[in-house]
Amino acid sequence: MTKIEVLRKKGRIVKYKATGHSEYGEYGSDIVCAALSTALQMPLAGFQDVLDIYPKFEINSDGFISVSIDGMELKGREREVHALLESMVVVLKGLAEEYPKNIKLVEKEEN
């Protein structure tokens, strides 16, 4: 199962991470894992390649990704960053609803 945690401060997403494999299909041909990977990496690509913002991140082949914009200067692009992250969460919620045995999505609010 893939566990995804989304951390918010004052309602805004500041960090997200995912661990584990979805175990829906065979390694290398798992459509749920592929969909999750795409959804989780899309904001990171948008930050770097479109907005020229470089958050702290870590990705490995064991099903782990962690991305943090906590405390970063967003160069006046807060609206775009927020749109990318909230769009990711919309996709993740849909996947978690469709594949509840394979995905656990947890959203937390930090003070």
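View 1. An α-helix has 3.6 residues a turn, so residues three or four places apart point the same way. The model is predicted: local features need pLDDT of at least 70 and side-chain atom pairs pLDDT 80 or more, while totals for chains, interfaces and linings use all residues. Residues are numbered from 1 along each chain as its sequence is written, and side-chain values use heavy atoms, without hydrogens and water.

**View 2. Span of helix α2.** Helix α2 covers residues 78-98, which is 21 residues. From first C-alpha to last it reaches 30 Å, close to the expected 30 Å (1.5 Å times one less than the number of residues).

**View 3. The whole chain.** The protein chain has two helices and five strands, taken as DSSP runs numbered from the N terminus (helices H or I, at least four residues; strands E, at least two). Along the sequence their pattern is β-β-α-β-β-α-β. The radius of gyration, over C-alpha atoms, is 14 Å, close to the 13 Å that the globule rule gives for 111 residues, so the chain is as compact as a globular protein of that length; the rule is 2.2 Å times the number of residues to the power 0.38. Buried residues make up 37% of the 111 residues.

**View 4. The largest pocket.** This pocket holds about 370 Å³ of space. A pocket is an open set of points on a 1 Å grid over the protein atoms alone, where a 1.4 Å probe fits, with protein on both sides within 12 Å along at least five of seven lines; lining residues have an atom within 4 Å of a point. Grid points are joined across faces, edges and corners, and the volume is the space filled by probe spheres set on them. Of the 22 lining residues, Gly-20, His-21, Cys-33, Ser-37 and Gly-63 are the closest to the centre. The largest share of the lining, five residues, comes from α1.

**View 5. The second largest pocket.** Its volume is about 220 Å³. Among its 14 lining residues, the closest to the centre are Arg-12, Ile-13, Val-14, Ile-69 and Leu-74. Helix α2 gives the largest share of this lining, four residues.

Definitions and conventions:
Buried < 20%, exposed > 50% of the residue type's maximum accessible area, 1.4 Å probe, protein only.
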